[in-house]
Amino acid sequence: MIWIMMPTNVFLLHWLPRIQGTTFCTFFGDQGANILLYAVPVLLMAILSCLYLHLQKNYDNRIDGSSTSQSSALASWRRPSMVKGPLGIVSWFELSFSFLFLALIVWSSLAYVHGMFADVTSTAKQLRQSEWEVRLQRSALILGLLGNICLAFLFFPVTRASPLLRLVGLTSESSIKYHIWLGHAVMTFFTAHSVCCTLYWINTNQMSKALMWDRVGISNVAGEVSLFFGLAMWMTTFSCFRRKLFELFLYTHYLYVLFIVFFILHVGFSYSFITLPGFYLFLVDRYLRFIQSQQKVRLVSARILPCEAVELNFSKSPGLIYNPTSIVFVNIPSISKSQWHPFTITSNSKLDCETLSIVIKSEGSWSCRLYEKFTSISPIDYLSVSLEGPYGPAPRHYLRHDMLVMVCGGSGITPFISILRELFFISSTTNFKVPPVLLVTAFKKTVELSMLELILPESGSYGLSLMQLNIEVYITREKESTTDRKKFNHTVWLKPNASDRPVYAVLGSNNWIWLGAITLASFIIFMLLIALLTQYYVYPNKHNTDQIYSETSKCVLSLLLMCVSIAIAATVGLLWNKRQNGPDMKRVQHMETPMTSPEHESWHYDSNRELESFPLLSLLQATKVHYGIRPNFRRILLNCEGSSVGVMVSGPTRMSQTIAAICSSSLTKNLHFESMSFSW
């Protein structure tokens, strides 16, 4: 409502003056109104979202698969509305949010144009300028205001542990596309704003204003420096730079700190509260990530698969609970100190209580170098690794469907491994009937069949016999089995290090409550420090009207206090949780590592070999392999029976688009599409 009313005369001439008159006499001075209008509502929503998610988490742990009426009611809104386009696969739910945001931009631009261009003629006469010059000046202002709207939303999609994203069923990795397009919009508006200002100064012989850094008010030099850093980031975000020169893209993207700092110096700290709440929540998340990334985690073992994939098994605190398809960001300093790569967790926190596993396929320079470390003539016996996460989606109620269809290609099978293990656990420990599962996967070569071995947990066929699982495998580049008998699956056990810790929940099991408490506490501390700064340093003598404090100094001090407030509240929360989790940490750290590296033959599909000789008999009986053909997705999906069929896809973009088009067609009403894929 505030964003909609901002460009109107009702807000500018009536509401805002009254609010400013009420808040000016407080400890916060002229910035009190902006804090109340723009910062408090967003942070309050975030804090209440944390409380709601905590209560929902406890509720989801008690409900069964039948208590999903709300999810079923929203199923139609989650069907794909767009399959191909600049935003990729978009559901009706996401499209409605995008439409509302575009409507806000259009409404704001029309309202600003109507309000600012109404008195152009009289203003031109007063300033002794032509009307088009006045329009140019005010167009520059409107473009800057529209850029502020986009900037206010820019940091929400990249806040990994964002309660606001989780509240609407989104995750950071699935929302990266919105961050990309918001970034393009921000830089387009701000660049156009700068161009219009420059043209206006040239035509009115005021180019000296480009070098002005006023003590009070707008600082043009700060705005130009901010634009410079923004353009440097913007240029490297295009695919020609990002994919071929990833390191350049990565390093230049850290310029966002200087971009925001000089933007605040440009507009003033008071006005920056319009766009600051999203950045504030991002800073809280970023500080928690930084603290977690400084700790090295214990890598227990690495299982080497014949398809040039590595399964890394980390020691995990038993108290760490995460949902299926959660991801972690991995950093290995011996390969690259700066690169963090996201990987889907294949283990299940309910089945694998003390182990967290990820699978890394050798498909790039970073992953190939990791594979070489374990397969060289003298393999390593210790590897230093840092993790951030896990970051997971909202709990998915798989039991509400009559059937589940999982479609994947290559390493895209990894999200489904954690889902299948979750279903194994449910079928073995509860009385709920698990829906039949059809796994359709496409591999390039026969050797990649070893990826299917990862479906079963370490305990063996845990729960597999109690559920109906069918696996359809398509080997696309081979006409027949070409298994290399010399290749085998083996495990490398790594030595422990006293300084390494198990993977743990940074904020404990009640992470949402702690995140809300940290956000609330840090903001309260920030408000107290701002009030003290305003009353006893910026304006120590209210009666001395001649004293003008530098806006730049005020911005720098306020930013410093904001960072200090977040650091204090987050550090206290982290230390408290570390103290609570201390016993579990010590117990896991003192676990012994096996001294031998057992080797066993990898599972390969061979029709000439007796089934009884396979160690994974139950999995083999559920598997059918097709050579030299590609799956006919339309035929497979249209033959699925049931009033509600959950269709999950993880793989290349073309595969996801094909499945989404089938699920959104008029021929099917029972197919409910969900994409597990994301692209940076």
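Predicted model: local features only at pLDDT ≥ 70, side-chain atom pairs only at ≥ 80, totals over all residues.

Colleague: Why is the pair of phenylalanine 229 and phenylalanine 262 called tilted?

Modeller: Their ring centres are 6.0 Å apart and their planes stand at 40 degrees, so the pair is tilted. Phenylalanine 229 lies in helix H10 (residues 220-235) and phenylalanine 262 in helix H13 (residues 256-267), so this pair ties together parts 33 residues apart in sequence. Helices here are DSSP runs of H or I with at least four residues, strands are runs of E with at least two, and both are numbered from the N terminus.

Colleague: And why is the pair of phenylalanine 329 and tyrosine 391 edge-to-face?

Modeller: Here the centres are 6.2 Å apart and the planes at 70 degrees, so edge-to-face is the word. The pair links distant parts of the chain, with phenylalanine 329 in strand E6 (residues 327-331) and tyrosine 391 in strand E9 (residues 385-391), 62 residues apart.

Colleague: How do you know whether phenylalanine 329 is buried or exposed?

Modeller: Buried means under 20% relative accessible area, exposed over 50%, and partly exposed in between (1.4 Å probe, protein chains only). Phenylalanine 329 has 5%, so it is buried. Tyrosine 391 has 10%, so that residue is buried as well. Across the protein, buried residues make up 53% of the 680 residues.

Colleague: What makes E6 and E9 paired strands?

Modeller: Two strands pair if DSSP finds at least two bridges between them. E6 and E9 have four, in the antiparallel sense. Within that pairing, phenylalanine 329 stands opposite glutamate 388 in E9. Both strands belong to an open antiparallel sheet of four strands, in the order E3-E9-E6-E7.

Colleague: Why are strand E3 and strand E7 called edge strands?

Modeller: Strand E3 (296-297) and strand E7 (341-344) each pair on one side only.

Colleague: Where does E11 sit in the other open sheet?

Modeller: That sheet has six strands in the order E15-E12-E11-E10-E16-E17, with parallel pairing. As examples, cysteine 408 has threonine 441 in E11 as its bridge partner, and alanine 442 stands opposite tyrosine 474 in E12.

Colleague: How do you know that both faces of E11 are covered?

Modeller: In a regular strand the side chains alternate between the two faces of the sheet. On one side of E11, Val437, Leu439, Thr441 and Phe443 are buried, and on the other, Leu438, Val440 and Ala442 are too. The chain reaches E11 from E10 through helix H17 (residues 414-429), in a right-handed β-α-β crossover. Right-handed means that, with the strands pointing away from the viewer, the path from the first strand over the helix to the second runs clockwise.

Colleague: What about phenylalanine 269: which residues is it in contact with?

Modeller: Contact means heavy atoms within 4.5 Å. Leaving aside neighbours within four places in sequence, the contacts of phenylalanine 269 include Gln31, Phe526, Glu551 and Leu559. Phenylalanine 269 is found in helix H14 (residues 269-272). Its relative accessible area is 0%, so phenylalanine 269 is buried. Phenylalanine 269 and threonine 552 are 283 residues apart in sequence, yet 8.6 Å apart in space, C-alpha to C-alpha.

Colleague: And how far apart in sequence are contacts across the protein?

Modeller: Among contacts between residues at least 6 apart in sequence, 78% join residues at least 24 apart.

Definitions and conventions: Residues numbered from 1 in each chain as written. Heavy atoms only, no water. Phe/Tyr/Trp six-rings, centres within 6.5 Å; stacked < 30°, edge-to-face > 60°.
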